[in-house]
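Hi everyone, thanks for coming.

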Amino acid sequence: MTVAPQQRRLFILSLVATCLSVVVVGLGAWTRLVHAGLGCPDWPGCYGFLTVPNEAHEIATAQTRFPDDPVDIFKGWAEMIHRYVAGTLLLLVAAIAVFAWRARKQSSEHRLPLKLPLFILGLIICQALFGMWTVTLKLWPQVVTAHLLGGFATLSLLLLLTLRLSPLSVKTLSGPPVTTLKRLGGVALLVVIFQVFLGGWTSSNYAALACPDFPTCHGVWLPELDFAEGFDLAQSIGPNYLGGQMDSAARTAIHFVHRIGAVATTVIVLLMIAAAFLWLRRTPRNDKSLPLLTVLVTLALGVQVALGISNILFYLPLPVAVAHNLGGAFLLATIIAFNYRLSAVNRNTVA
């Protein structure tokens, strides 16, 4: 079965959008880690300008408009570059949705996905709102975490769209029953998503270094933990949350749970990987995609664990911290691709 030219074009657009969403996730992490989340105190502009004010008269005007927010050109550009790239992604996904709609109207032979591009477009619009609330609510952790999860969701759905449009979508696989492996894949996906949430909550509450040592925490295996404050999802709106508002025990609780989540994630993903290799040993090598994806999941897991430990041992160096965010996205993406390809085993219909 061949891939129609319209599907091929939409596949290329979706692939570009997926790559751009990775850039958006990385820029979002970098903006957060250089404490530039409030680099521009308004939205969508910066101190009332379309770009960051850098001339003397522009800075004077900006300070008149926002007397409580001194102009920091570096932080302003960090925030605005993130907004520009996110806006470009919005326009690209809108183009994908329009292209898919027109293609479906012109041809009934190849039913290209339309609901998924429209849903992604709606999600990115919601992301823009969360970006605005991140600024107007002064980095309220609930909004910051939701904004991060929205970015990961956007990346995941764009990847899923790309997979559905790829040449792989028309290739079925044969092999032994995969019921157990599919269940493990589903559980691994859910656990990784929850770990992403814990990572976002850790970052938005500035708890990444709440345990400054490894593998112990403050020199003990069970430090003082305040779960009630650490996981209080009803924090008040109003304070400036730049730098965080929680005390040490609350941040330690967040960090500690994130560590436990990392251990659980590692164990479950390793179980999935082991089951995948066992299944592949009993399967005719008529396709190289699943072996490759299994190796990529293994690589992603190993790199992510190493980056997480390095963040602690080297006190959160910026390149490592950004890479850890991107590593989480890579691990999630590889598991999504693995599960999607696994769904092709012994199926008789196109994905």
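Here's one to start with: which residue's side chain does the side chain of Asn325 join in a polar contact? Before I tell you, keep in mind that this is a predicted model. Okay, the partner is Arg32, and the polar contact between the two side chains is 2.9 Å.

Let's stay with Asn325 for a moment. You'll find Asn325 in helix α10, which covers residues 318-342. Is Asn325 buried or exposed? Asn325 is buried, because its relative accessible area is 17% and the cut-off for buried is under 20%. And who's around? If we skip the neighbours within four places in sequence, Asn325 touches Ala29, Arg32, Leu33, Leu148 and Phe152.

Now over to Arg183. This one sits in helix α6, residues 179-204. With 60% relative accessibility, Arg183 counts as exposed, since the cut-off there is over 50%. Here's a pairing to look for on the screen: Arg183 and Met272 are 89 residues apart along the chain, yet their C-alpha atoms are separated by 8.9 Å.

Last stop, Trp77. Look for Trp77 in helix α3, residues 73-106. Trp77 is partly exposed, because its relative accessible area is 30%, and partly exposed is the range between the buried and exposed cut-offs.

Notes
Residues are numbered from 1 along each chain as its sequence is written. This is a predicted model: local features need pLDDT of at least 70, side-chain atom pairs count only at pLDDT 80 or more; totals for chains, interfaces and linings use all residues. Side-chain values use heavy atoms; hydrogens and water are left out. Helices (H or I, at least four residues) and strands (E, at least two) are DSSP runs, numbered from the N terminus. Buried means under 20% relative accessible area, exposed over 50%, partly exposed in between (1.4 Å probe, protein chains only). A polar contact is a pair of N or O atoms within 3.5 Å; within protein, one must be able to donate a hydrogen and the other to accept it, and residues adjacent in sequence count only if both atoms are side-chain atoms. Contact means heavy atoms within 4.5 Å.
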